[in-house]
Amino acid sequence: VYGTLKRGEPNHHLLTDKSNGVQKFVGLAKSVKQFPLVIASRYNIPYLLDKEGLGHNVEGEVYEVDQQMLNKLDILEDHPKYYTRREESIQLIDTGDNMSAWIYLFPRYKEHMLEYPFLTVYSNADQPADKQYVTSDDISDPEDVD
């Protein structure tokens, strides 16, 4: 996970809620391929744009999850309608080992989103007040992308 599901981020509680399924933290990792990670929409959502080769090797966290948890994550990410879940190569930061992991990419981005600052790592707390994530309870139209 690279955005609001990471430890200390607004949606991490979804991973730790045992009623959603089982998860186990594996470690910190970065994508082998480069992708643009941007903050966009009036809800300040971190989007990993499906534009391979542009951006950075994005850093995040790796979790092993059961099928029930994966289903919950697919619902959160509205896969496959909004985000697309795809297997990609990642590199564990501690060991340097490569492995495959599911990531959620945003394929329907608008071209001007490629002009936004590209992040290597997302942290809601590090964003200015006008770029803080708006929780799903406050979102009126998730289709309202910049």
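These are my notebook entries on what I looked up in this predicted model.

**Ground rules**

I number residues from 1 along each chain as its sequence is written, and my side-chain values use heavy atoms, with hydrogens and water left out. Since the model is predicted, local features need pLDDT of at least 70 and side-chain atom pairs count only at pLDDT 80 or more, while totals for chains, interfaces and linings use all residues.

**Entry 1: the sheet**

I started with the strands. Helices (H or I, at least four residues) and strands (E, at least two) are DSSP runs, numbered from the N terminus. Two strands pair if DSSP finds at least two bridges between them.

What is the order of the strands in the open sheet? I found 4 strands in the order β4-β1-β5-β6, with antiparallel pairing. β4 (59–65) and β6 are the edge strands, each pairing on one side only. From one strand to the next the twist averages 50°. Such angles run from 0 to 180 degrees between N-to-C directions, and the axes are lines fitted to C-alpha atoms, for helices over the stretch in contact.

Then I went through the pairs:

- β1 and β4 run antiparallel and are joined by 7 bridges.
- β1 (residues 23–31) and β5 (residues 84–92) are antiparallel too, with 3 bridges.
- β5 and β6 (residues 98–105) are joined by 8 bridges, again antiparallel.

β5 and β6 make a hairpin with 5 residues between them, and glycine 96 in the turn has a positive phi of about 80°.

**Entry 2: the helix over the sheet**

Next I looked up helix α2 (residues 67–77). It lies across β1, β4, β5 and β6, and runs at about 40° to β6.

**Entry 3: leucine 28**

Leucine 28 is in strand β1. Is leucine 28 buried or partly exposed? It counts as partly exposed because its relative accessibility is 38%; buried means under 20% relative accessible area, exposed over 50%, and partly exposed in between (1.4 Å probe, protein chains only).

Not counting residues up to four places away in sequence, leucine 28 touches Arg7, Gly60, Glu61, Gln91, Leu92 and Ile93. Contact here means heavy atoms within 4.5 Å. I also checked alanine 129: it is 101 residues from leucine 28 in sequence and 27 Å away in space, C-alpha to C-alpha.

**Entry 4: two glutamines**

Glutamine 34 sits in the loop between β1 and β2 (37–40). At 34% relative accessibility, I put it down as partly exposed. Leaving aside neighbours within four places in sequence, its contacts are Lys51, Glu52, Gly53, Leu54, Gly55, His56 and Asn57.

Glutamine 127 is in the segment after β6. It is buried, with a relative accessible area of 16%. Ile39 and Gln132 are what it touches, not counting residues up to four places away in sequence.

Most residues other than glycine have a negative phi, and most peptide bonds are trans, so I went looking for exceptions.

- Asparagine 44, in the loop between β2 and β3, has a positive phi of about 55° although it is not a glycine. It is buried, with a relative accessible area of 6%.
- Aspartate 78, in the loop between α2 and β5, also has a positive phi of about 55°. It is partly exposed, at 31%.
- Histidine 79 and proline 80 are joined by a cis peptide bond, with omega about 5°. Proline 80 lies in the loop between α2 and β5.

**Entry 5: the largest pocket**

How much space lies in the largest pocket? I noted about 890 Å³. A pocket is an open set of points on a 1 Å grid over the protein atoms alone, where a 1.4 Å probe fits, with protein on both sides within 12 Å along at least five of seven lines; lining residues have an atom within 4 Å of a point.

The lining has 43 residues, and Val1, Tyr2, Leu5, Glu77 and Tyr104 lie nearest the centre. Elements giving two or more residues to it are β1, β3 (45–48), β4, α2, β5 and β6. β4 gives the most, with 7 residues.

Technical notes
Grid points are joined across faces, edges and corners, and a volume is the space filled by probe spheres set on the points.
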